[in-house]
Amino acid sequence: MHIDLVRVLDMEGTSTRQFRNICVFCGSQPGKNGDFVDDTNNLGKVLDERKLHLIYGGGSLGLMDCVSTATLVGGSQVLGIIPQALARGNLTGKTVGEMQHVFSMHERITNMLFHADAFIALPGGLGTLEEIFQIASWAHLNLHKKPIGLLNVNNFFDELFLFLDKAVEYQFISQATRKIFVSASTANELLDKLKTFVYEPDVVLTQIDWTVGESKKRKLDLTLWL
């Protein structure tokens with residue numbers, strides 16, 4: 001299936017959201033506190049209870065294993081999208097559920113964006129932070145309108161929110177951009193907030209036309225797995 005990503009994103013609506021696939025970003029470590037594992041397992045259970053499917057970064061390490069296993073055991077579908085380099089040699093463990101190999105990290109995040117209806121970030125390290133900010137920056141640039149939620153387990157993201165507030169105070173980001181980040185301390189509360197999220201684009205950036213030169217863009221061969 002050949003899909004023009006710009007055209008797909010341009011077709012997104014902002015009416016009542018009907019989620020089917022949730023992409024979760026999280027750490028490949030379990031974290032120091034057992035609450036991280038418990039809340040991650042609970043997120044997987046909540047996804048299944050709501051009949052939602054999971055997209056994640058593949059493998060079976062840390063919190064990534066927790067959320068994927070908890071979701072799959074309940075009966076929901078799980079798709080792990082992982083670069084071939086990480087899948088070789090069992091570096092990241094066996095992917096839970098169905099696996100899609102890609103060539104690069106950029107291709108992985110692009111495929112995640114295509115498949116997902118919304119994003120949830122759990123505590124994690126550099127890779128998790130990169131994923132959060134890449135998806136958020138693409139929303140900021142009007143490449144998509146999908147909600148982004150941070151599950152604030154043990155107030156893990158409090159300092160990140162302070163950083164964002166400071167960036168607004170010093171006029172490096174706008175209030176509209178700050179509102180991209182939705183947060184809650186429980187999975188059910190966060191999912192409810194994401195369903196009612198209303199995208200408010202930065203007025204200046206609405207002038208960007210991502211369809212310019214569209215005919216020259218390389219077509220992405222993406223298969224809908226879920």
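Reply: Let's start with handedness: a crossing counts as right-handed if the near helix is turned clockwise from the far one by less than a right angle, and as left-handed if anticlockwise. By that rule, α2 and α9 make a right-handed crossing. Keep in mind that this is a predicted model.

Staying with that pair, the α2 and α9 axes come within 9 Å and cross at roughly 50°. Angles under 35 degrees count as roughly parallel and 65 to 115 as roughly perpendicular, so α2 and α9 end up oblique to each other. On the α2 side the contact uses Asn-42, Leu-43, Val-46 and Leu-47, and these meet Ala-187, Asn-188 and Leu-191 of α9. Sorted by class, the residues of that contact are 5 nonpolar, 2 polar and no charged.

Now turn to the other partner of α2. α2 and α3 pack with their axes 7 Å apart, at an angle of about 30°. That angle makes α2 roughly parallel to α3. The crossing here is right-handed too: α2 passes α3 that way. From α2, the contact takes in Phe-36, Val-37, Thr-40, Asn-41, Leu-43, Gly-44, Lys-45, Leu-47 and Asp-48, while α3 supplies Leu-63, Cys-66, Val-67, Ala-70, Thr-71 and Gly-74. By class, that gives 8 nonpolar, 5 polar and 2 charged residues. Leu-43 and Leu-47 of α2 turn up in the α3 contact and in the α9 contact.

The largest nonpolar core has 29 residues, and Leu-43 and Leu-47 are listed with Ile-22, Val-24 and Ile-120 as having the most contacts inside it. The elements giving two or more residues to this core include the helices α2 (34–49), α3 (62–74) and α9 (187–195), along with the strands β2 (21–25), β3 (53–56), β6 (118–121) and β8 (181–184).

Setting aside its neighbours within four places in sequence, Ile-120 is in contact with Ile-22, Cys-23, Val-24 and Phe-25, with Leu-43, with Gly-149 and Leu-151, and with Leu-190, Leu-191 and Leu-194. There's also a second, separate core of 26 residues, and Cys-23, Ala-116, Phe-119 and Leu-160 are among its members.

How values were computed:
Residues numbered from 1 in each chain as written. Predicted model: local features only at pLDDT ≥ 70, side-chain atom pairs only at ≥ 80, totals over all residues. Heavy atoms only, no water. Core = buried A, V, L, I, M, F, W, Y, C linked by side-chain atoms within 4.5 Å. Buried < 20%, exposed > 50% of the residue type's maximum accessible area, 1.4 Å probe, protein only. Helix = DSSP H or I, 4+ residues; strand = E, 2+ residues; numbered from the N terminus. Contact = heavy atoms within 4.5 Å. Axes fitted to C-alpha atoms, helices over the stretch in contact; angles between N-to-C directions. Parallel < 35°, antiparallel > 145°, perpendicular 65-115°, else oblique. Nonpolar A, V, L, I, M, F, W, Y, C, P; charged D, E, K, R; others polar.
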